[in-house]
Amino acid sequence: MNRIQIAIQKSGRLADKSLSLLERSGLQFARSKDKLFWFGRNLPVDLLLVRDDDIPRLLIENVCQLGIVGENVAEEKLLEVQQQRPDATLESLLRLDYGHCRLKLAVPEAARFESINDLSGRRLATSYPWLVRRYLDQHDIQADIVTLNGAVEIAPSLGTADAIVDLVSTGTTLRANHLRPVAEVMQSQAALYRCPAALGTESEELIGKLLTRIQGVQQAAESKYVMLHAPRSRLAEISAILPGAESPTILDLEGQEDRVAVHAVCTEQVFWEHLEELKEAGASAVLVLPVEKILA
Ligand code: ATP
Ligand code: ZN
């Protein structure tokens, strides 16, 4: 059978979470220190550990069939490849809800900025020249793009640019460099992508199975198993409080006529407020347990 290769970031912001997600989805790898290839032990799925910037191209060229990378990098590299091959594509299968960041346009605190039109004829430093080019084109603005691979935020104080477009998650770096965000070019998070090429039936089935498992892991992370005792007369009220619970299981309690046990899988986050409401509705012995896996 053909093996599937999954590319993830070797080290950096997405590395640990990506590996952990795949392992929690049941993939086991023969880890090799320093090497960039880990052989899949229990399924025909191997891991490639690379720089995140290389992942989109590996997928577009079908060297890897799956990859986890930030949407910012995926879109930037796709735009770059499309300069030579306009028909190149990349398919996002699932957003993964980590690696959240925003690509922001920022100007020096002291600089005058009323609208994006003020950028006309200015120099913009960024590591994402193609995303920035697209953004400027959409706003019909002519500006010079200065591509830098790092330390973008110091470009204005060095005098090499008038504004920057850079990734921001908290804004601390911008403030430290006396820059203020004035517009948002893109929102991003890590996502699972696949190669555009159609694969054989077995590989397609395997990808489908992995996708289901990863979705199950994501759902389980939010879900809780809730057990409680409740007055039989207030069951409807109590069921309505349980967040995202479909049909709870109701069990008789030995020797108690008017109280029952309620068990439910809550697929949305369970907060303290929910527990307090349950108590007010007459619930007791409320237990909230983690859910490890879900196969819907
Ligand atoms: P590599 O060595 O793999 O090229 P890198 O330095 O390009 O690594 P990281 O800094 O590890 O990349 O960031 C990887 C991804 O994490 C980014 O492309 C982005 O999608 C996401 N990310 C989340 N928050 C931030 C942030 N505050 N700054 C930069 N990237 C962030
Ligand atoms: Zn990178």
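Which element gives the most to the lining of the second largest pocket? The answer is α1, with 3 residues.

The model is predicted, so local features need pLDDT of at least 70 and side-chain atom pairs count only at pLDDT 80 or more, whereas totals for chains, interfaces and linings use all residues. Residues are numbered from 1 along each chain as its sequence is written, chains are lettered from A and ligands numbered from 1 in the order in which they are written, and side-chain values use heavy atoms, with hydrogens and water left out.

1. Second largest pocket. Its volume is about 260 Å³, and among the 14 residues that line this pocket, K10, R31, D34, W38 and L49 are the closest to its centre. A pocket is an open set of points on a 1 Å grid over the protein atoms alone, where a 1.4 Å probe fits, with protein on both sides within 12 Å along at least five of seven lines; lining residues have an atom within 4 Å of a point. At least two lining residues come from each of β1 (4–9) and α1 (15–24), helices (H or I, at least four residues) and strands (E, at least two) being DSSP runs numbered from the N terminus. By class, the lining holds 5 nonpolar, 3 polar and 6 charged residues.

2. Largest pocket. The largest pocket has a volume of about 1,000 Å³, a volume being the space filled by probe spheres set on the grid points. It is lined by 35 residues, of which R13, D52, N72, Y128 and L167 are the closest to the centre. Two or more lining residues come from each of α3 (71–84), β10 (163–168) and α6 (172–176), and α3 provides the largest share, 5 residues. The lining of the largest pocket comprises 10 nonpolar, 16 polar and 9 charged residues, where Asp, Glu, Lys and Arg count as charged, Ala, Val, Leu, Ile, Met, Phe, Trp, Tyr, Cys and Pro as nonpolar, and the others, Gly among them, as polar.

3. Domains. An automatic or database assignment divides the protein chain into domain 1 (4–99 + 190–220), domain 2 (101–188) and domain 3 (223–290). The lining of the largest pocket takes at least three residues from each of domain 1 and domain 2, while the C-alpha centres of domain 1 and domain 3 are 39 Å apart.

4. Zinc site. D52 (OD) and D53 (OD) coordinate the zinc ion (ligand 2) at 2.0 to 2.1 Å; donors are N, O and S atoms within 2.8 Å of the metal (3.2 Å for Na, K and Ca), and sites may look incomplete because water is not among the atoms. D52 is buried at 17% relative accessibility and D53 is partly exposed at 25%, where buried means under 20%, exposed over 50% and partly exposed in between (1.4 Å probe, protein chains only).

5. Backbone checks. Most residues other than glycine have a negative phi. N62, in the loop between α2 (55–60) and β5 (66–70), has a positive phi of about 60° and is partly exposed at 28%. D140 likewise has a positive phi, near 60°; D140 lies in the loop between α4 and β9 (144–147) and is exposed at 68%.
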